[in-house]
Each structure stands twice: as C-alpha cells, then as structure tokens.
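Reader: Could you take me through one part of this model up close? I'd like the place where the two chains come together.

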Amino acid sequence: MRMSSTVKVGPEELVKVRVKVNGVWYERYVEPRKLLVDFLREDLGLTSVHIGCDTGHCGACTVIMNGKSVKSCMVLAVQADGAEILTLEGLAKDGKLHPIQEAFWEKHALQCGYCTSGMIMETYYLLSQNPNPTEDEIRRGLSGNLCRCTGYQNIIEAVKLAAQKLRG
Amino acid sequence: MPRYIGQRIKRIEDPKVLLGTAKYVDDLEFPGTLYLAILRSPVAHARLLKVDYSDALKMPGVVSVITGLNIAVENRPRNFPMAKDEILYVGHPIAAVVAEDRYKAFDALERIQFDYEPLPAVVDPEDALKDEVKAVEGMSNIGYRKTYRAGNPEDALSRSDVVIETKLEISRVYPAAMEPRGLLSVYQGGRLTVYASTQAPHFMRRFLKNAFGNLVSDIRVVQADVGGAFGSKMFPYPEDYITVYASIMLRRPVKWVNTRRDDLMSTYHSRGQIHRLRAGFTRDGEWRALIDDLVIDLGAATHGYYLADITATLISGPYKVRDILVEVYGVRTNKTPLDQYRGAGRPEAAFVYERIMDIAADELGMDPVEIRRRNLITQLPYTNPFGHHYDSGNYIKLLSFAEQYYRDFEKRAEELRKQGRRVGVGLSFYIEQNNFGPWESASVRVKSDGKVLVIIGAAPHGQGDATAIAQIVADELGIDIDQVEVSWGDTELIGEGFGTYGSRTLTLAGNAALLAARGLKERLRVLGAQLMGVNVEEVDYRDGRVVHLRSGKSMSIQEIANAVTSNVGGTWGYRAEPKLEETAYFGLKDYTYPYGSHVALVEVTEEGLVKVLDYVAIDDIGFVVNPMLAEGQVIGGVIQGFGEVVLEEVKYDESGNLLTQSFGEYWLPSAMESFKVKWIYLEDGKSDAPIPSKGIAEGPLIGVLPALTRAIERAVNKRITKIPVDVKLLI
C-alpha cells in the first residue's frame, strides 16, 4: 500500500487514482475522503462489493488488495492508488465458476447472498495463505465476516471442499 | 415417481449471487438518481420547536430538504413518518436531505439545526404501565389492552399442589438482516416504480397507494434482490413514505439506503416481552393453571401489539393445560417501534411455556422429559384454549425420539462434569403456527422456446423457494428442472399476491404453482390435440409430451410452443386458442401447526463463554420438498437463536439513549461462536395441501431459545429467567 504523505488537498479537490481491478487498469479522479468501497461500487460499477455496516465489523465489502483481504469500507480510494484489486466479479474465468464458487453452490453456503461476496473473497485469501486449513483455522479466518442466514456451518463445509478442489 | 421432489437439489438462485451479479436495491441506478439521507433524533423524547435548514439548502449539490411530513397510517403516531412537533425516540426522522450523491447528503445533515425542549423519557416498560410520565404527550401509555381467559384459572391455581411464581423476560432484539433497508423510487410521467428491499411487494404497493394514490396514477413495486429480512422488511416504515414523497415532489428518481447505524435505530425491534406469571402444578407434574401478566414494550407506535396476541393464544404450547388467564398490556415507550422478527410471538410463547416446564421439573424433582410427556397433547386434531386448531402429527412420538438424544447428551455431560467442566443439557418441545394467509398466487407459462416460466406472488428473499417450486413444477410437467425458471417480486408480473412471511411460501405459492401446472397440462393437451388434428379425448399428457395413443403421434411442449408462436405475419389457420399460461390461487382453510424438539449440550467455560458442544433439532413440518433447503433454514435459525440467548440485546440507558448503534455493541454470532447443528425430520403431521408441507423458516428460532437457556442453566446451576442470559450468571 502506497500512502502519499505530502499531498495537501481540500475535501472538494479531486485526486487521481490509478488501480488495477480484476486485471484492468482504471484511472479516476476522486474526492480524497471517498472510501474504496464507494469507489468500487460507484465509480467502477462493481456492485458485488456490498456495504453491510460502515464500521468494519461485517466484512460484506471484503476485497483482495495486493494479495491481502481488506474491508474496503476501511480503506480510502486514494490509499489504493497503484494497487491491484480483485473483487468477486473477477473470480470466474471465461464463465466458469472458480472452485470456491462451485463449493459454495454445492454446499448450500448462501441464502440471501448479501455476505457471500465478502465470504468468498475472504475464503480466497484464507486458502491462498493456508491451502489446507483445519476447521478451527477456517472459523478464525472467517470470524470477521458476518452472515445472518446460514449459521456458518455450510460455509465452513464449502471452504473445506474448496480447499480440497484447489489442492486437486 | 417424482424425480426432484424430496431431493437435495442445488439452488437455481445461486449463480447470479456467486458471480456477484445479484442486484440489491443499492446496486440499482437510474440516470439522475438523487440520494436521500435522514436526520434522526439523538434524543428520546422532546417537543420539537423549530427546524432550520437554510444553511443546508445553500450547499452545492443539495436539491431539497423535507421536514414535518405527517401521514396518517394505522397504529402509527401523529408524528409519522417525521417528527413535526414531538420527538418520540432516538432515530425518529426530523428532516431529510435530497442531494446529488450520498456524501453531499450526509454533509448537509450536519448543517441542519433544530431546537427542542426535552421531555422525560419512558424507557422501562413496567414503569410505563404506571402511566405517570407519558411516552406520547396527551396519550395513555397503555396502547393496547386485552384479556385472554379460558376455563377457571383462579380456581385451578388455588387447587394446585405447587405454584411457580416467576418473572420472565425476553429482551428487545434487532433483526439485523445483512442488507440494511433501502428504497429507490422512480417517478415517470405521473407513475411511480418503487424498487425495494421488501418481503411483500404487493402489500407495499397497497400501503403506498393508500398514502399517495391522489398524487400518482399508479405505483408498481419491484422487489430487488433482498439481503435477508427475517420479518423486518414487510410493514410500513417512515423512510418508505419519505423517499416516495421526495421522488413525487421532485419528479426524480430518489434513493435512500440505511446506514447500519440508522438501521439499528430505525428497523423495528422485536420481542420485548415481560411475563409475571403463576403456574400451578399437581404433585405428579400435571400443569393445571396459568395466570400471566404479559407486558409488551411496543415503543413509540402500537403496531406490534398483535405479537402479544400470538404469544398469549399459544401460551399453553403443545400442552393440555386449559385454565389460563393472560392479561396483555401493550405499552408505549420512547423507543424504536416494535414489530415482527422471525417467529413473531411464538418464540416468546415457547420461552415461557418451556421455562415453566423446566422450572416445574426442578421444583417437583421430576425428569424434564417425563414432565413434558405427562402434559403433551396426545389426541390430534386438538383445539387449544384460545381456539387454535392444532392439526396433525404425533407429539409423544417425536418427544420419545428426542429423548434418545437427551439421554445420550446427559451421559456425555456427566462424563464432562466429572472432569470439572461446567456442562448442561437442555431439551425443548415447541409448537409453531404458520402459513399465515390468506392465499398465494402462481402462474405457469410456456415461452416460445418451450421453457417454462413460473411466476409466484410470494416474494422469497434467500430461503430458496424458487428451487423448491421448480422441483414441484418440473415433476408435475415431467420435464427437466433446467427447463423451469421461477420469477417473482414485481407487482406487474402477476395480478395479485401477498409475499413471503410466516413460513408460508412453499406451501401456499408452491401448491398454487402445482395447480397452475396441472391446468397448463390440460391446456397443452387440448392445444396439442388441435394442432395434431385429433380428438382431445384420445390424447394423454406424458413427461412433457402430448401423445395420441392410437396413432402414436406426439408433440413436445417445445413443438407446441413453436407451432403457436411461429409464422409471424401469417394467418391463424389452426384456430386453436394459443394460450400457454395458467394461473392458480391456493390457500388453506386454517393455519398449520408444525412442532419439534431441540436438544442442546452446552459448556460454559471458566471465562464465561457459552460453547455448544452438540445440538440436534428434530422437526415435523409435514412433507419436505427439499431437505437441503429446510436444513439450511434450521441451522441458520438455531445460530440466530444462539445470538438471542447469549449475545444480542438492544440496550437503552435510563434516558432512552440507544446504546447499541453498531455491530460493535450489538453482537451477532460469528463463525467463532457457531456450532454444528444436526437436523432430523419426521413427516407424520402433514397439511391438507396437495403437496402436504407446512413450513420451517421460523420453527428453529422457536425451539432454540428454551433449549439453549435450559442447557446453560444446568451448566451454571443458576436459574435463568431472562434472555440474553446475564453475563454475571456465567462467570
């Protein structure tokens, strides 16, 4: 993450942000106070990134930024300047579901679907760090992502299945 | 043989969600959409003297400010949807800013000034009963009063050997759908299209039309994808009226979406009941009488009163006791108004009758299973003391089934206790009332490519009903399920309908779809015969084909659809009515009453954490169309119930300040607290419907509260009379 410490701008002055999202470079001018989640949703139209709490508790807005999962409501768009970001829209390749998406489908790991994008992105991060997590590690890994519908059981099963699929 | 019904079929709803292409209301945009933000009261009770928004209007990007909007809506206060002269709770809308974007709208809120004169706040519902300090000026605090009396409870109580006297409390909770409430109201040439996070679009159209029918020629409501509701996205809210009003006045699309903080203070809270009761038992454990004062904390509006009616009339649960008095007091307080949340009155009832059972078992030195067996209703159908007709099933059988798990859990608890661990087991038996009516609609259409589109009047929002209904229709038509699509949620897609609430959708909309599919089959038969030039009496419908038995000629659905939709610009030579659609309506003559039992094995750690070591839910919900979906409802409901027993409570201080304004203060269960739930279903008690299902969405939240409470009580060996359980009892 690159943070420019010397730029002085008023709240109304726009700042240039360049980001690579789902493999494509974008350049936009944004208010310095604009949150990354609003930038992704409003400026880039990536509405899989959901707003569930505005306070960093729920994880519905989780995306991958430079290889790490972040809650995009806790990051300013200007902080993402130069970063590479992956959202749920970028996960499927050529219309084929990613193994994590397949696993969520097979295990009935979603109901209303509002937390699902964040859950899948957090799972993506978790499995990139730990390809063979124990159940306890999965629970810890997902503890920052809230789901009100599923009770997590099928999500945990889906993560196990996804890990298995990804290991081949 | 059905191919799909009864099977764990993967959801047809999922791909768009998995790909990130679902569209919740905040994901929808129209060119020129304005954003509305609401200034909410930070004080619980005050006279509102003056609102000055002149500075806000001067800000660039601000289009309008709305204040003082009052609309008469049943069981809402005069100051609805906005405070005009009296502020009634923290969160009460005072003004709304409409601006070019949400950042500007929220900036402008900070420039609005308002003068108020504080009034004392009514916070404690039992204090409210005294009616000394008023929650709403000039009105009694008793907003609702009802007496439910059956038999002779005073006499039965006086003749009881043992009388249990206790106060039970079910705290206020917040439904906490992951998607906050929101609305996009689009005005076009005198007509309005409202995209909403709702669970009942047709119902919403009705209440908006009542308020704004003189300002617009028509209102179409379209349900966006909905990120959970749990009952909380059905009844009219202030913001619905404010947003729609703004779009009509400005003739522009206007969007409002709650922040989580706004949602915590404005989405109707639920539960909020206190019971002061006396329950009489014979020495051998027969429950003879109940006298209960039920106080329900309605908040600043009275529309949640019916929840106390549901609780009161089901207060005897699955038990035979018939001498009952419930005095219902619905009190106004200076809090967010109260309304339904998953279970709606039945979880409160189950908490009360099952606490009574467990406390009585302790007082009488009886086994908790035995005391239940002693009191369970054995003959069905059964009319309970307040007129509920429990329809079908076998309660004793299900209890005996649950007992095996209870005994096993008890054995394991005993082992663990020997190791010095604080472990307890709880069992609940509950009864549900569902299929809230009156009816639901469904249309089944064949499209030109032969695909079948089912449209339902119900409005599911995560439950997976579309999949279950596709299973029903695919089986009825004898076609592959991937040939069936299910659509819903638009008041212009289907004539009339109600919505998804009260565990009704599969039974009512599912059976309507079944009847419509049957009608469609007949239609296809007639049309196929006409197209083949044969006698209709000589053709059969078989697995997606109309077959002429004698000649062996046949036509598939696709061929029939193609025959009537091709030849554009040609003549209508075959003269057969090309109708490829049937609509049906289905309702039941009465509610249905599923039942079940939950068994929990719980440890309370030294630090006071509640860990569920094992959990089983056993339900009889009639015929199960898709066990994977039903199980998903149960698992999710049980974890929600864990939240209600252990973590979740809407808290106010003594001045009526809302203390739970983020998920940092209002704690939802996370993956760390969740646990494995095993679900078992019996299919003894079927409904009268052609697909004899009953419904499951709310049942788990009814069964879980008393089971977990009891298990914790046994683990810490201290009586529990309030949920969420006081942390002091755990350490």
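**Where chain A meets chain B**

Author: Let's start with the head count: 49 residues of chain A are in contact (heavy atoms within 4.5 Å) with 52 residues of chain B. Before going on, this is a predicted model, where local features need pLDDT of at least 70 and side-chain atom pairs count only at pLDDT 80 or more, while totals for chains, interfaces and linings use all residues. Residues are numbered from 1 along each chain as its sequence is written, chains are lettered from A and ligands numbered from 1 in the order in which they are written, and side-chain values use heavy atoms, with hydrogens and water left out.

Together the two chains bury about 4,400 Å² (accessible area, 1.4 Å probe, lost on being put together, summed over both), and carbon and sulfur atoms give 57% of that. On the chain A side, Trp105(A), His108(A) and Arg148(A) supply 21% of the area buried against chain B, more than any other three residues.

Arg148(A) also pairs up with Glu648(B) in a salt bridge (a side-chain nitrogen of Lys or Arg within 4 Å of a carboxyl oxygen of Asp or Glu), at 2.7 Å, N to O. Across the interface of chain A and chain B there are six salt bridges.

As for the make-up, the side of chain A that touches chain B has 19 nonpolar (Ala, Val, Leu, Ile, Met, Phe, Trp, Tyr, Cys and Pro), 14 charged (Asp, Glu, Lys and Arg) and 16 polar residues (the others, Gly among them).
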